[in-house]
Amino acid sequence: MSLSAAPTFVALFPPSSHTQCTRLWSTGRAVSSANAIIPALRRRQASRPPRSSHWHARKFVIKTFASSHQTMQPQPYSGYVAPEALAEVVVKMPSPGDLDAVDERLWVPQTPDVSFRPLLFNVSQGYYVNLLRVRGSGVLSRHRHSGPVHGWVLKGRWKYLEHDWIAEEGSYVFEPPGETHTLVVPEGVEEMITLFNVTGPLLYCDEEGGVVNAEDVFDKLRMAKEHYIRVGLGADYVQQFVR
């Protein structure tokens with residue numbers, strides 16, 4: 001029993017031109033097809049303008065477009081936008097060296113030493129973005145995430161007891177879901193501030209991994225609303241961060 005050879009694919013033009021190709025099933029057909037096409041290729045090459053004139057024409061088009069483009073003023077989009085589309089959230093962030101300039105009323109306290117500054121409460125997708133501030137060293141919490149977490153350290157440093165690495169100022173950290181770890185601010189750190197993007201609930205655990213408490217975007221939103229009422233900003237102040 002004989003096996004048929006795989007078909008041969010021959011590209012007769014470079015990819016930048018109008019590619020012509022033929023699928024050939026035998027050597028005899030390949031030769032006859034090539035003999036028929038090669039004269040056509042030669043006639044096509046002979047009919048093309050010299051490369052120099054073609055190149056100068058391209059330069060002229062590019063130069064003309066660049067000149068006209070410089071005189072055009074960009075215009076905002078004026079087409080259809082779905083009325084259900086929500087507005088962007090834009091929060092002016094302090095530079096890492098100017099974090100003390102943040103209005104103290106915006107920091108929502110969770111304990112005497114731990115507070116957060118909201119940036120986004122995405123209630124439709126179940127995640128939040130905030131600045132977490134810890135003043136003083138020590139164990140912050142043992143917890144587990146059901147979703148991914150992104151972190152960017154703006155000030156100080158922190159670590160997990162379960163790992164050797166230390167997240168220092170300027171570090172980016174990605175935490176995949178599923179691990180239980182213990183957040184610690186090392187000795188000598190007076191203040192730690194990290195931007196966290198947390199998806200899903202934060203599950204607080206005991207030493208055996210049992211869940212003793214939970215906190216999600218709705219809990220964060222409630223705490224922020226209650227705090228802003230207390231400091232005189234009003235309950236509606238938090239709505240600018242809700243999407």
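Visitor: In this predicted model, does Glu191 count as buried or exposed?

Guide: Burial is judged from relative accessible area, and a residue counts as buried under 20%. Glu191 has 12% relative accessibility, so this residue counts as buried.

Visitor: With which residue does the side chain of Glu191 meet in a salt bridge?

Guide: The partner is Lys155, at 2.7 Å from N to O. Lys155 has 24% relative accessibility and therefore counts as partly exposed.

Visitor: Where in the chain do Glu191 and Lys155 lie?

Guide: The pair links distant parts of the chain. Glu191 belongs to strand β12 (residues 191–199), whereas Lys155 belongs to strand β7 (residues 149–155), and 36 residues separate the two.

Visitor: How many salt bridges does the model contain?

Guide: The count comes to eight. Another of them joins the side chains of Arg222 and Glu226, with 3.8 Å from N to O.

Visitor: How are Arg222 and Glu226 placed relative to each other in helix α3?

Guide: Both residues lie in helix α3 (residues 217–230); because they are four residues apart, about one helical turn separates them. Arg222 is partly exposed, at a relative accessible area of 41%. Glu226 is also partly exposed, at 38%.

Visitor: Let us turn to Glu215. Where is this residue found, and is it buried or exposed?

Guide: Glu215 is in strand β14 (residues 211–215). Its relative accessible area is 8%, which means that Glu215 is buried.

Visitor: Which side chains make polar contacts with the side chain of Glu215?

Guide: Another, of 3.4 Å, is with the side chain of Lys220. The Lys220 and Glu215 side chains also meet in a salt bridge, at 3.4 Å from N to O. Lys220 is buried, with 3% relative accessibility.

Visitor: Which residues surround Glu215, leaving aside its neighbours within four places in sequence?

Guide: Such a list shows which parts of the chain meet at a given residue. For Glu215 the contacts are Gln110, Tyr128, Gly200, Pro201, Leu202, Tyr204, Lys220 and Met223.

Visitor: How far is Phe218 from Val123, in sequence and in space?

Guide: The two are 95 residues apart in sequence, yet their C-alpha atoms are 7.1 Å apart. Phe218 is located in helix α3, and this phenylalanine is partly exposed at 48% relative accessible area.

Visitor: Which residues form a nonpolar patch on the surface?

Guide: Tyr77, Tyr80 and Val81 form it, with about 420 Å² of accessible area together. Tyr77 lies in the loop between α2 (51–71) and β3 (108–109), and at 62% relative accessibility this tyrosine counts as exposed.

Visitor: What describes the protein chain as a whole?

Guide: It has three helices and 14 strands. Of its 243 residues, 28% are buried. Among contacts with a separation of 6 or more, 61% are between residues 24 or more positions apart. The chain exposes about 16,200 Å², and carbon and sulfur atoms supply 57% of that area.

Visitor: What is the mean pLDDT of the protein chain, and over which residues is the pLDDT below 50?

Guide: The mean pLDDT is 81, and 70% of the residues reach 70 or more. Over residues 1–34 the pLDDT is below 50, although this stretch has 31 contacts in the model beyond near neighbours in sequence. Where pLDDT is low, the predicted coordinates should not be read in detail.

Key: Residues are numbered from 1 along each chain as its sequence is written. This is a predicted model: local features need pLDDT of at least 70, side-chain atom pairs count only at pLDDT 80 or more; totals for chains, interfaces and linings use all residues. Side-chain values use heavy atoms; hydrogens and water are left out. pLDDT is the predictor's confidence in each residue, from 0 to 100. Contact means heavy atoms within 4.5 Å. Buried means under 20% relative accessible area, exposed over 50%, partly exposed in between (1.4 Å probe, protein chains only). A polar contact is a pair of N or O atoms within 3.5 Å; within protein, one must be able to donate a hydrogen and the other to accept it, and residues adjacent in sequence count only if both atoms are side-chain atoms. Patches are made of residues with over 30% relative accessible area and no salt bridge: like charges are joined within 9 Å, nonpolar side chains (Val, Leu, Ile, Met, Phe, Trp, Tyr) within 5 Å. Accessible areas come from the Shrake-Rupley method with a 1.4 Å probe; for residues, only the protein chains shown count as cover. A salt bridge is a side-chain nitrogen of Lys or Arg within 4 Å of a carboxyl oxygen of Asp or Glu.
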